[in-house]
Amino acid sequence: MRNLFIALLCLAAAPAHAEGFAIRDLTAVAIEAGAALGTGYVSRAAPDRLTLMCTACEGAPVVDLLLGRQADGTEERVRAGQTAMAQLEALCRARRPDCRLSGLSVAPAVGWVTRYGVGSSAGATAIILRGGDLLTIRVLAGSGEAASRPVEILVRTVAARIVGP
């Protein structure tokens, strides 16, 4: 009984952790993601990765949704205003001068999207963080518009469901 009491005290003293994402299995949103992007997309789903591609679509976009963890303090610094979107863009531009970054409205999560060139193609990547959970939506396509469009659609549709209320 004494050990049980000590164990309960230890649990009560443990720091509270944020909930993170409502959905932690991308197979649960695979059909919804494909439908949101439109006809022509084929997909392959696993719990931590959903890949969609459309060779017949303009720019032949290849879309990856990835679930992971990022507990390096970035989320907290962005929430607290210690790291501004302008600072994140400066970091991105240091790696790729054509990189552009803008914030996303994904409350209760925080996030941003970057747009950049990749050789003669283009890429767009959304980063969404909540409670240490990380959702990355990455698109490579033949043009900037073809890369940005799927990111915008998926942030508006499935990302909200993954993040939760």
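A: One begins with the idea of contact: heavy atoms within 4.5 Å. In this predicted model, serine 148 is in contact with Arg115 and Ala124, once its neighbours within four places in sequence are left aside.

Q: Which element holds serine 148, and is the residue buried or exposed?
A: A residue is called buried when its relative accessible area is under 20%. Serine 148 has a relative accessible area of 8%, and so is buried. Its element is helix α5, residues 144-163.

Q: With which side chain does the side chain of serine 148 make a polar contact?
A: A polar contact is a pair of N or O atoms within 3.5 Å. Here the partner is the side chain of arginine 115, at 3.1 Å.

Q: Is proline 165 buried or exposed?
A: The term exposed applies over 50% relative accessible area. Proline 165 reaches 88% and is therefore exposed. This residue lies in the segment after α5. Not counting residues up to four places away in sequence, proline 165 touches Pro108 and Arg130.

Q: How far apart are proline 165 and alanine 107 in sequence and in space?
A: Separation along the chain and separation in space are read as two values. Proline 165 and alanine 107 are 58 residues apart in sequence, while their C-alpha atoms are 8.1 Å apart. For the chain as a whole, consider the contacts with a separation of 6 or more: residues 24 or more positions apart account for 46% of them.

Q: How many helices and strands does the chain have, and in what order do the elements run?
A: The chain has five helices and seven strands. Read from the N terminus, the order is α-α-β-β-β-α-α-β-β-β-β-α.

Q: How is the pairing of strand β5 with its partners to be read?
A: One looks at the direction of the strands, the number of bridges and the residues that stand opposite each other. Strand β4 (residues 100-104) pairs with β5 in the antiparallel sense over five bridges, and a hairpin of five residues joins the two. Within this pair, serine 102 stands opposite valine 113. Strand β5 (residues 110-118) is also joined to β6 by nine bridges, again antiparallel. There, tyrosine 116 has glycine 123 as its bridge partner, and valine 118 has serine 121.

Q: What is found in the turns on either side of β6?
A: A hairpin is read together with the residues of its turn. Two residues lie between β5 and β6, and glycine 119 in that turn has a positive phi of about 60°. Two residues also lie between β6 and β7, where glycine 131 has a positive phi of about 55°. Strands β6 and β7 (residues 133-141) run antiparallel and are joined by nine bridges; leucine 129 stands opposite leucine 134.

Q: Why is β6 described as largely enclosed?
A: The reasoning rests on burial. Nine of the 10 residues of β6 (residues 121-130) are buried, so the strand is largely enclosed by the rest of the structure.

Q: How do helices α2 and α5 cross?
A: A crossing is read from its distance, angle and hand. The axes of α2 (residues 30-37) and α5 come within 10 Å and cross at roughly 145°, and the crossing is right-handed. Residues making the contact include Ala33 and Leu37 of α2, with Ile153 and Leu154 of α5. By class, this contact has seven nonpolar, one polar and three charged residues.

Note on methods
Residues numbered from 1 in each chain as written. Predicted model: local features only at pLDDT ≥ 70, side-chain atom pairs only at ≥ 80, totals over all residues. Heavy atoms only, no water. Helix = DSSP H or I, 4+ residues; strand = E, 2+ residues; numbered from the N terminus. Buried < 20%, exposed > 50% of the residue type's maximum accessible area, 1.4 Å probe, protein only. Polar contact = N/O pair within 3.5 Å; in protein donor to acceptor, adjacent residues only side chain to side chain. Pairing = 2+ DSSP bridges. Axes fitted to C-alpha atoms, helices over the stretch in contact; angles between N-to-C directions. Left-handed = near helix turned anticlockwise from the far one by under 90°. Nonpolar A, V, L, I, M, F, W, Y, C, P; charged D, E, K, R; others polar.
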